[in-house]
Amino acid sequence: MFPDMRCVLFGMLFFAGFLAFGQGSTSLHTKNKKAIKQYQEANYHIKLRQFAEALNKLGDAVERDPDFLEAHLRMAFCYEVLREFRLQQVHLEEVVRISPKNPRYKNVYYSLGRGYFDQGKYEKAREMLQILYELGISN
């Protein structure tokens, strides 16, 4: 694959990941100012493709507020880019714990269903995809 094509594919995946989860900075699920600061710094590192640094900042953010949903989503995204799918799954499961069956995060159910299927956990995969179906499948 040509270097330019890799950049294009990465860019598409990068922005699709943010759009798929549909969060905006105006409605964060935390009031902890230090957690928000870490989250904002992590976003800067993500833009620079410095995923390890971003994960450190996001880890600090979820330490300060374990229910910081957007930080878990960003961590899942970083782990997906780094192909650390088990760690991605951990943070997607946190999103489901924090905001169960929320249509805004229905793509999380798809990602979890796909991950469980790949691991041979077919019943869990079916459960996730059933929830996705109940929430309404759309682009």
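Guide: Let's start with handedness: a crossing is left-handed if the near helix is turned anticlockwise from the far one by less than a right angle, and right-handed if clockwise. The structure above is a predicted model, in which local features need pLDDT of at least 70, side-chain atom pairs count only at pLDDT 80 or more, and totals for chains, interfaces and linings use all residues. Residues are numbered from 1 along each chain as its sequence is written, and side-chain values use heavy atoms, with hydrogens and water left out.

Visitor: Thanks! How many helices and strands does the protein have?

Guide: Helices (H or I, at least four residues) and strands (E, at least two) are DSSP runs, numbered from the N terminus. Here there are seven helices and zero strands, and the pattern along the sequence reads α-α-α-α-α-α-α.

Visitor: What share of the residues is buried?

Guide: Buried means under 20% relative accessible area, exposed over 50%, and partly exposed in between (1.4 Å probe, protein chains only). Of the 139 residues in this protein, 41% are buried. Its accessible surface (Shrake-Rupley, 1.4 Å probe) comes to about 8,600 Å², and carbon and sulfur atoms account for 57% of that.

Visitor: And which share of the contacts joins residues at least 24 apart?

Guide: Contact means heavy atoms within 4.5 Å. Taking contacts between residues at least 6 apart in sequence, 54% join residues at least 24 apart.

Visitor: Now the packing. At what angle do the axes of H2 and H3 cross?

Guide: Two packed helices are described by the angle between their axes and the distance between the axes. Axes are lines fitted to C-alpha atoms, for helices over the stretch in contact, with angles from 0 to 180 degrees between N-to-C directions. For H2 (residues 33–47) and H3 (residues 51–64), the axes come within 8 Å and cross at roughly 165°. The two helices are therefore roughly antiparallel to each other (over 145 degrees; under 35 is roughly parallel, 65 to 115 roughly perpendicular, and the rest oblique). As for handedness, H2 passes H3 in a left-handed crossing.

Visitor: Which residues of H2 meet H3?

Guide: On the H2 side you can pick out Lys34, Ala35, Gln38, Tyr39, Glu41, Ala42, His45 and Ile46, which meet Phe51, Glu53, Ala54, Lys57, Leu58, Asp60, Ala61 and Arg64 in H3. By class, the residues of this contact are eight nonpolar, two polar and six charged. Here Ala, Val, Leu, Ile, Met, Phe, Trp, Tyr, Cys and Pro count as nonpolar, Asp, Glu, Lys and Arg as charged, and the others, Gly among them, as polar.

Visitor: How far apart are the axes of H3 and H4?

Guide: They lie 9 Å apart, and the helices pack at an angle of about 155°. That makes H3 roughly antiparallel to H4, and H3 passes H4 in a left-handed crossing. The H3 residues Phe51, Ala54, Leu55, Leu58, Gly59, Ala61 and Val62 meet Ala71, His72, Arg74, Met75, Phe77, Cys78, Tyr79 and Val81 of H4. This contact has 12 nonpolar, two polar and one charged residues.

Visitor: Is Leu55 buried or exposed?

Guide: Leu55, found in H3, is buried, with a relative accessible area of 10%. Beyond its neighbours within four places in sequence, Leu55 is in contact with Met75, Cys78, Tyr79 and Leu82. Leu55 and Arg74 are 19 residues apart in sequence, with 8.4 Å between their C-alpha atoms.

Visitor: What is the angle at which the axes of H5 and H6 cross?

Guide: Their axes cross at roughly 135° and come within 10 Å. That makes H5 oblique to H6, and the crossing is left-handed. The contact brings together Gln89, Leu92, Glu93, Val95 and Val96 of H5 with Val108, Tyr109, Ser111, Leu112 and Tyr116 of H6. Its residues divide into seven nonpolar, two polar and one charged.

Visitor: Last one, on the backbone: where is Arg83, with its positive phi?

Guide: Most residues other than glycine have a negative phi, and most peptide bonds are trans. Arg83 has a positive phi of about 60° and sits in the loop between H4 (69–81) and H5 (85–98); at 62% relative accessibility, Arg83 counts as exposed. Lys101 has a positive phi of about 55° and is found in the loop between H5 and H6 (106–118); at 47% relative accessibility, Lys101 counts as partly exposed.
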